[in-house]
Amino acid sequence: MTILQTIAVAFAMFSALPVPQFGWNEKNMRYAMCAFPLIGLVCGGLWCLCGVLPLPDMARAAAFCLVPVAVTGGIHLDGYADTSDALSSYGDREKKLEILKDSHCGAFAVIRLCSYFVAYFGLCGSVQFTPRVGLCWTLALVLERALSGFAVAAFPLAKDTGLAHTFATAADRQTVRRFLCGASALLVLALTVLGGGVLAAAALLAMSRYYFVAKKKIFSWKKSLHVYGGIIAGDLAVYIGMIYYYLLKTDWALERFSGAVQQVGAEQAKLNLTTKFAQESTGVGMLVFVVFFITLWLGLRKSAEDRRG
């Protein structure tokens, strides 16, 4: 019963889906962040449903783009808008926190939200849906919420009030961190094996960017942490460079073996090559992501030691 209440609390707070209402207490909030990735699973299921429906390309792209908004009620966009205004103010810490409390939407929030939807719509419009693509996208939606929950439990909070503080203080933070870190590692492994390593890299890059911007703009930045930021940035750059290399290799192979391509068809040949190269890159991808998680963990420990010191 407690497990169902925990899931219901997570969905009630982080989604717009109708769920049974329970009173929040210590038991059902302790592991609520562990249920947060399940919302990504719902988004992925609806995303796949839109992919198989006989919709025009533009309508399908719009559906892909709006599914997360419909499921979450836009709570992630609200936070993104507030953060955009705060970081764009270039004020001190107190000024940024004051802007975060303001319920009005500023010019920078509007600009960045419009840019977000234009970029997301363009990405969704370029997707050719297949079962493998749908599975990769679903896993990516689950991964980004696992990383988000991990961030709430592991990263320092900007203030002692608000939604993040409520869930972070009520959570068994050590258990939540371990669970979500392990879940994230498994999701990264699955994405890499399925050829969706670029989605995993994008999610990890976004989280590392979030962490280091927060440390620099909201908290006092320790120079000793620069080395961890450099390792993470270089680590992900290696993987992105490897992906670019395999894309070039795919184009070269399609041109080099044009006769065989004509026999099986261009689309099938490209699918076969990308699948083969994705399997080849699995080992390198896993090494990159292991280095990422180890470096992130060491950076968090160093940050905690600096705060205690």
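This is a predicted model: local features need pLDDT of at least 70, side-chain atom pairs count only at pLDDT 80 or more; totals for chains, interfaces and linings use all residues.

Residues are numbered from 1 along each chain as its sequence is written, and side-chain values use heavy atoms, with hydrogens and water left out.

The protein's mean pLDDT (the predictor's confidence in each residue, from 0 to 100) is 76, and 66% of its residues reach 70 or more. Among the elements, helix H3 (residues 37-52) has the highest mean pLDDT, 92, while helix H12 (residues 226-256) has the lowest, 58. Helices here are DSSP runs (H or I, at least four residues), numbered from the N terminus.

Now for helix H5 (residues 75-88), which packs against both H6 (residues 93-101) and H7 (residues 107-125). Axes are lines fitted to C-alpha atoms over the stretch in contact, and angles run from 0 to 180 degrees between N-to-C directions.

| Pair | Angle | Axes apart |
|---|---|---|
| H5 and H6 | about 150° | 8 Å |
| H5 and H7 | about 130° | 8 Å |

H5 and H6 are therefore roughly antiparallel (an angle over 145 degrees) to each other. In their contact (heavy atoms within 4.5 Å), Asp82, Thr83, Asp85, Ala86 and Leu87 of H5 meet Lys96, Ile99 and Leu100 of H6.

On the H7 side, the contact includes Leu77 and Tyr80 of H5 and Phe108 and Leu113 of H7.

Methods:
Helices (H or I, at least four residues) and strands (E, at least two) are DSSP runs, numbered from the N terminus. Angles under 35 degrees count as roughly parallel, over 145 as roughly antiparallel, 65 to 115 as roughly perpendicular and the rest as oblique.
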